[in-house]
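Let's take a walk through this protein, one stop at a time. Have the sequence and the 3D view handy.

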Amino acid sequence: MQLDKETKLKQEKERCRQLAQRVAEEARPASAQVLNSESDLLEKALRRAGIRAEEWSAQAAEPVDLLVVEDPVWSHLPQQLPEKVLLASVDSTMMAAWAEQLARRGYYRDFRWRSKGRAQQSALFCTGSAVPAPLMMVQGYEQEMDTLRDRMVRAERTCSEEAALIERLRSDLALSRSHEQQLEKTLSDVTNSTFWKLTWPMRYAVSKSRQIWHTFPLFVFLHDLRAMGVEGVREQARARREYAVLFPSKTLRADRFAPVELLVKQASHQPGGEAGPKISIVVPLYNTPLNFLEELLDSVVNQTYRNWELCCVDAGQDTAVGQHVQARAKAEPRIRYQKLTENEGIAGNTNHGFELATGDYIALLDHDDILHPCALWYTAQAIVEQGADFVYTDEATFEGKVENVVLYHFKPDFMLDNLRSNNYICHLTTFSKVLMEQAGGGERAEYNGSQDYDLFLRLTEKAQKIAHIPHALYYWRSSPNSTASDISAKTYCIDAGIAALKAHYARCGVAVDDVTLIPGTPGYYKTDYTMAHPGRVSILIPTCDHIRDLETCVESIYARTTYPDFEILLIENNSKEEQTFRSYERMRKEHPDTLKVVTWTGKGFNYSALNNFGARYATGEYLLLLNNDTEVITPGWLEEMVMYAQQKRVGCVGAKLLYPDDTIQHAGVGFGIGGVAGHLHKYFPATSDGYMGRLNYVQDVYGDTAACLLIRKEIYDEVHGLDESYAVAFNDVDFCVRVREAGYTNVFTPFAQLYHYESKSRGMEDNPEKQKRFQGEVLRFQARWGDLLAKGDPCTNPNFDIQREDFSLKILPLE
């Protein structure tokens, strides 16, 4: 309940921020009063936007430039009014009564101010000498009526589609139930038949024979002998003898995680030899269940890498915990134990572990979790071979027995925007002690609950080499009070995470308006960067007939976009229908200052050439490549994209595109999928969280589709635009690869959403000529970027099936 209240408050703050920004940019008042506001959020937002704002009062000392009335249906018209009155509806859109009263007092509707989105239903009324002509007023109201009619048509269409979908689902459900009943009847007929009952002894004998064949020692030996030969069997036997000596643990055996041969091989080949880095594993203990503690200790002792120490600091009251650790320490001198005099919280206790550590590197381990026996070996290898001072691995969440893995978290390589959205690094993390000192020391109590997040942000800011090991080498135990089970079990983590992010931005000198929890997704954060460079966006739309699609696209831009400074360049591509050109003329008349039509004289369809041609006419600081078969959904889509594109480190910015049936069409491009590239999460429901919540937050991606791609014009020119040898397919992927190779980061944001009626206007690859052209583009792409394709996509993970776009797992074996 408390979380819901906080979510509503943050949504209200965002609504007020957007409205205040529009007021400052479009109405430009020096001062304003707010009437009928239930809180002071709007007043504060107006002040932050540079406007002197206060609550409305009839005894105001000085006249103001603007009166903002929230929910006017519940208000009374004051006697004294400024020259401008803005009606802003929150819970009601009934403005007719106020509009009539204002008209009687000489106010007219200013149609240059348009309502933008359901959350910003508003109307601006003015008075003065510049009263528009009646014809202009009629035209303005008709445009408003057209907007309402359009919304009504879309709502009816959506309702009709939803009704049809529900009917199909009901039909499918009825068929499924009928099929289930048929299967149950068939199964019943089989199991009750005389033949089934008479053959039971035979089936039992066959089942037991199979079991004996796979488990009886002699049969197992013969199978191994056939598979590996005599030398292979001898090598296996030798490895098992060495394993028994090297890995004596009985409670949690190392061979439950990896083949004996691999464990012995790693134990005999240490990274760095005797000079390998010493890794101190820090574990804050607190009334740890003894069975969990025993498994943790076994998992550390079982490490194939030998130069480690385990530093246990105990702040709990259970004396049995300390006794158990000290008993193990007598047999294993690398285990160190310290009883703390008081509980200083997770951060303070962990810092005592740092003080106890004597190694050059520190690894963090929770008191009820488990390390894979190869975890430190791969970590040391990364330190020795790559010179890494910050190393992290993938992880698995398990319940009960360690073999019962309920979730694999396969992570990307280091991605700044991912880390700013959530602590995806988590476990196992190892870092140099020198790096920790450079980053300001150990963990900080003010971030308890997200103390690791704060630490990782500080460490990655200073790290020289960050290495990611794409293997699940850390096992996170899921329990009722564990963050692995649900971060909402520790709600204080959320506030601490937000505070850690704000501190990170302050250290980095990055200006942000706010950091908030993404509603419904505890642990994922949204950053609203300050719009330091809100320049003009030139929207390039190649188009050829299909005028209804284009009209839907353009009308949705003008009706829903809240970004104040944009222009539309329609790139005419050999249209034939007269209606198309009539529509061009109408749109130019409706938007004479912001819409142009430029005509490409080339032949056929070449998406790259069309956009390169249109870019020559662009006057904006930013270029937005946009398909003509798209439709804007979220009013703030351009703000969400520009806030990233303005950053010098960022190249391409992509949006969340949906099919008309509200499934994902684009949420970032995965490099190498299907041999070239594919759209991540394709066909997932729009409401899905995606793999590990990736559909909810901003993240770095290898590329974005050019169906909706924003980039600074200077970068577009730097990489020489789109490659015109890719006429239709892969021009956007090739472009994004070149942008990455130029040193920029490509980003996907789910907070900019559009519908995409994919390939409607150009059609599918459905004839020999198109298929030949498509195959040529595939081969050209693979020849150009073969080396990068072989390396894989650092924004995803090599443990995903490269032939699929849905994050299906294809787990790599350890080597």
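Which residues does S608 touch, leaving out those up to four places away in sequence? Keep in mind as we look that this is a predicted model. The residues that S608 touches are L722, D723, E724, Y726, A727 and N731. S608 itself sits in helix α19, which covers residues 607-615. With a relative accessible area of 0%, S608 counts as buried, because that label applies to anything under 20%.

The largest nonpolar core is made of 77 residues, and I539 and W637 have the most contacts inside it. Helix α20 (residues 637-645) gives this core its largest share, seven residues. Now zoom in on I539: once its neighbours within four places in sequence are set aside, I539 is in contact with I557, F566, E567, I568, L569, L624, L626, W637 and L638. Apart from that core there's another one, of 46 residues, and A254, V260, I281 and L297 are among them.

Let's finish with helix α16, which runs over residues 492-508. Its 17 residues reach 25 Å from the first C-alpha to the last, close to the 24 Å expected at 1.5 Å a residue. After α16 comes G509, with a positive phi near 70°.

Key:
Residues numbered from 1 in each chain as written. Predicted model: local features only at pLDDT ≥ 70, side-chain atom pairs only at ≥ 80, totals over all residues. Heavy atoms only, no water. Helix = DSSP H or I, 4+ residues; strand = E, 2+ residues; numbered from the N terminus. Expected span 1.5 Å × (residues − 1). Buried < 20%, exposed > 50% of the residue type's maximum accessible area, 1.4 Å probe, protein only. Contact = heavy atoms within 4.5 Å. Core = buried A, V, L, I, M, F, W, Y, C linked by side-chain atoms within 4.5 Å.
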